[in-house]
Amino acid sequence: MKKYFMLYSLILISLFMVINCSSSEQPAMKEKQVTTQAVQPTPVNAQVAPQALLTGENLFMQHCKKCHKNGGNIIRPEKTLYKDVLSSNNIRTPEDIVSNMRNPGKGMPKFDDTKVSDKDALAIGEYILKTFQ
């Protein structure tokens, strides 16, 4: 009888310890999960775009996207914003793009400095050159 009492006691103590340990770990695990979900780590290889590019993109969307969606050209399809086409038209720098915005060719509206500032026009030019390779 004594053997059975000892065995039952050991089983009960073991169960009690397992139940207490697992129930005390659960709140900590839940708390850790909430913290992990709230914090989104930046991947090591993620590239953060410079503010000028973000501004350039927003400005491009506001002023240029209507006619130049995805770097194309709805008015003159042969005059896209892709690097090789721009280069063949002697447009190689952001300043060249600004010059074209200020004095455009046939079919494109003029974007003078009252409509798009020089700083914003340069940001658009930088965005175009970096985006439409």
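Buried means under 20% relative accessible area, exposed means over 50%, and partly exposed lies in between (1.4 Å probe, protein chains only). Asn70 is exposed on this scale, because its relative accessible area is 56%.

This is a predicted model, in which local features need pLDDT of at least 70 and side-chain atom pairs count only at pLDDT 80 or more, while totals for chains, interfaces and linings use all residues. Residues are numbered from 1 along each chain as its sequence is written, and side-chain values use heavy atoms, with hydrogens and water left out.

## Overall build

The protein chain has five helices and zero strands. Helices (H or I, at least four residues) and strands (E, at least two) are DSSP runs, numbered from the N terminus. Read from that end, the order is α-α-α-α-α. Of the 133 residues, 23% count as buried.

Contact means heavy atoms within 4.5 Å. Take the contacts between residues at least 6 apart in sequence: 51% of them join residues at least 24 apart.

Helix 5 covers residues 118-131. Its expected span is 1.5 Å times one less than its number of residues. For 14 residues that should give 20 Å, and the end C-alpha atoms are 20 Å apart, so the two agree. The buried residues of this helix are Ala121, Ala123, Ile124, Gly125, Tyr127, Ile128 and Leu129.

Next comes the nonpolar core, a set of buried Ala, Val, Leu, Ile, Met, Phe, Trp, Tyr and Cys residues joined through side-chain atoms within 4.5 Å. The largest one has 18 residues. Phe60, Leu86, Ile97, Met101, Ile124 and Ile128 touch the most other members. Helix 2 (51-63), helix 4 and helix 5 each give two or more residues to this core. Helix 5 supplies the largest share, six residues.

Setting aside residues up to four places away in sequence, Met101 touches Met108, Pro109, Lys110, Phe111, Val116, Ala121 and Ile124.

Leu122 also sits in helix 5. Leu122 counts as partly exposed, because its relative accessibility is 30%. Beyond residues up to four places away in sequence, Leu122 touches Pro94, Glu95 and Val98. The C-alpha atoms of Leu122 and Val98 are 6.3 Å apart, although 24 residues separate them along the chain.

## The largest pocket

A 1 Å grid over the protein atoms alone is used here; a pocket is an open set of points where a 1.4 Å probe fits, with protein on both sides within 12 Å along at least five of seven lines. Lining residues have an atom within 4 Å of a point. Grid points are joined across faces, edges and corners, and a volume is the space filled by probe spheres set on the points.

The largest pocket holds about 550 Å³ of space. Its lining has 25 residues; His68, Asn73, Lys79, Asn100 and Met108 lie nearest the centre. Helix 4 (94-102) and helix 5 are the elements that give two or more residues to this lining. Helix 4 gives the largest share, three residues.

The lining divides into 13 nonpolar, eight polar and four charged residues. Here Ala, Val, Leu, Ile, Met, Phe, Trp, Tyr, Cys and Pro count as nonpolar, Asp, Glu, Lys and Arg as charged, and the others, Gly among them, as polar.

His68 lies in the loop between helix 2 and helix 3. His68 counts as buried, because its relative accessibility is 11%. Not counting residues up to four places away in sequence, His68 touches Phe60, Asn73, Lys79 and Leu81.

## Loop residues

Most residues other than glycine have a negative phi.

Ile74 is found in the loop between helix 2 and helix 3 (83-88). Is Ile74 buried or exposed? Ile74 is exposed, because its relative accessible area is 58%. Leaving aside neighbours within four places in sequence, Ile74 is in contact with Lys66 and Cys67. The C-alpha atoms of Ile74 and Gly107 are separated by 9.8 Å, with the two residues 33 apart along the chain.
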